[in-house]
Amino acid sequence: QVQLVESGGGLVQPGGSLRLSCTASGFSFSSTPMNWYRQAPGKERELVAVITSAGVGTNYADSVKGRFTISRDNVKKTVHLQMNSLKPEDTAVYYCNADLRPYGSKTRLDYWGQGTQVTVSS
């Protein structure tokens, strides 16, 4: 029922840009904060960016601040990650994530997309 589908990954040279998209269905998207995570080979999955349900508030990992921008469209039920000034260390599989826990709950209820590969290389 809940579905998240990422797109937009690919191969880009250092300094280049990519825009990732995630389409959502099966839940109240406009009531749900959305996240982007990434996982590089041999490393743990890390949180990259967060956006509040209304799209007013955002937060970023220190490693991507000033380079990445998360945004959302609650009519189209999509969330985006604009990635600029890409570095080789940004190479990873990028995942769209929704934590569907009820407000006030202390237990996460995570849903994930299938992931999209981003490779930054010369």
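Author: Happy to! A charge sits over a ring if NZ of Lys or CZ of Arg is within 6 Å of the ring centre and within 35 degrees of the ring normal. In this predicted model, the charged end of arginine 72 meets that description over the ring of phenylalanine 29, lying 4.3 Å from its centre. Phenylalanine 29 itself is buried, because its relative accessibility is 2%, under the 20% cut-off.

Now for the ring pairs. A pair of aromatic rings is described by the distance of the centres and the angle of the planes. The structure holds three aromatic pairs. In one of them, phenylalanine 29 is joined by phenylalanine 27: the ring centres are 6.2 Å apart and the planes stand at 55°, so this pair is tilted. Phenylalanine 27 is also counted as buried, at 13% relative accessibility.

Another pair brings together tyrosine 37 and tryptophan 112, with centres 5.0 Å apart and planes at 65°, so it is edge-to-face. This pair links distant parts of the chain: tyrosine 37 belongs to strand β4 (residues 34–39) and tryptophan 112 to strand β10 (residues 110–112), 75 residues apart. Tyrosine 37 is buried, with a relative accessible area of 12%, whereas tryptophan 112 is partly exposed at 33%.

Tryptophan 112 has a charge over its ring too: the charged end of arginine 45 sits there, 4.5 Å from the ring centre. Finally, Tyr95 comes into the picture, as ring pairs link Tyr37, Tyr95 and Trp112 into a cluster.

Technical notes: Residues numbered from 1 in each chain as written. Predicted model: local features only at pLDDT ≥ 70, side-chain atom pairs only at ≥ 80, totals over all residues. Heavy atoms only, no water. Phe/Tyr/Trp six-rings, centres within 6.5 Å; stacked < 30°, edge-to-face > 60°. Buried < 20%, exposed > 50% of the residue type's maximum accessible area, 1.4 Å probe, protein only. Helix = DSSP H or I, 4+ residues; strand = E, 2+ residues; numbered from the N terminus.
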